[in-house]
Amino acid sequence: MMFPILFDADMKNKTGKGFLNRWLTGIEFICLIGCFEPDSDSFYGNLGCLFLAMAVSAMAAWKKAKNFI
């Protein structure tokens, strides 16, 4: 989970621009915390939110990263 954040920090240091959306990364982290308890009633909702946030974040980061090339 920390790899995209560390990679973005490295890219920001080298190029001056980052590609991650901090809000979406925060939402992913909150959903990931909710997935730590699989016996909870809201586990599948948190898991679905995590996958959705990851997909939206990946598409947004891909569009930003495409502009670097």
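In these legends, Ala, Val, Leu, Ile, Met, Phe, Trp, Tyr, Cys and Pro count as nonpolar, Asp, Glu, Lys and Arg as charged, and the others, Gly among them, as polar. The model shown in every view is a predicted one.

**View 1. The largest pocket and its lining.** Welcome to the largest pocket, which holds about 240 Å³ of space. Its lining is made of 12 residues, and those closest to the pocket centre are Pro4, Leu20, Glu28, Ser57 and Ala58. Sorted by the classes above, the lining has nine nonpolar residues, two polar ones and one charged one.

**View 2. Helices around the largest pocket.** Which helices each supply at least two residues of the lining of the largest pocket? They are H2, spanning 22-34, and H3, spanning 43-68. H3 gives the largest share of this lining, with six residues.

**View 3. A nonpolar patch on the surface.** Here you can find Phe29, Ile33 and Phe36, which together form a nonpolar patch on the surface. The accessible area of these three residues together is about 350 Å². Take a moment for Ile33, which sits in helix H2. With a relative accessible area of 43%, Ile33 is partly exposed, and it can join a patch because patches are made of residues with over 30% relative accessible area and no salt bridge.

**View 4. The salt bridge between Lys14 and Asp10.** The structure has one salt bridge, and in it the side chains of Lys14 and Asp10 meet at 3.4 Å, N to O. Why are Lys14 and Asp10 separated by about one helical turn? Both belong to helix H1 (residues 3-15), and they are about one turn from each other because they lie four residues apart in that helix. How accessible are the two partners, Lys14 and Asp10? Lys14 is exposed, with a relative accessible area of 63%, whereas Asp10 is partly exposed at 31%.

View 5. Is Arg22 buried, partly exposed or exposed? Its relative accessibility is 46%, so Arg22 counts as partly exposed. Leu52 makes a handy reference point for this view: Arg22 and Leu52 are 30 residues apart along the chain, and 16 Å separates their C-alpha atoms.

Note on methods. Residues numbered from 1 in each chain as written. Predicted model: local features only at pLDDT ≥ 70, side-chain atom pairs only at ≥ 80, totals over all residues. Heavy atoms only, no water. 1 Å grid on protein atoms, 1.4 Å probe; cavity = no way out; pocket = protein on both sides within 12 Å on 5 of 7 lines; lining within 4 Å. Points joined across faces, edges and corners; volume = space filled by probe spheres on them. Patch = residues over 30% accessible without salt bridge, like charges linked within 9 Å, V, L, I, M, F, W, Y side chains within 5 Å. Areas by Shrake-Rupley, 256 points an atom, 1.4 Å probe, with all protein chains shown as cover. Salt bridge = Lys/Arg side-chain N within 4 Å of Asp/Glu carboxyl O. Buried < 20%, exposed > 50% of the residue type's maximum accessible area, 1.4 Å probe, protein only.
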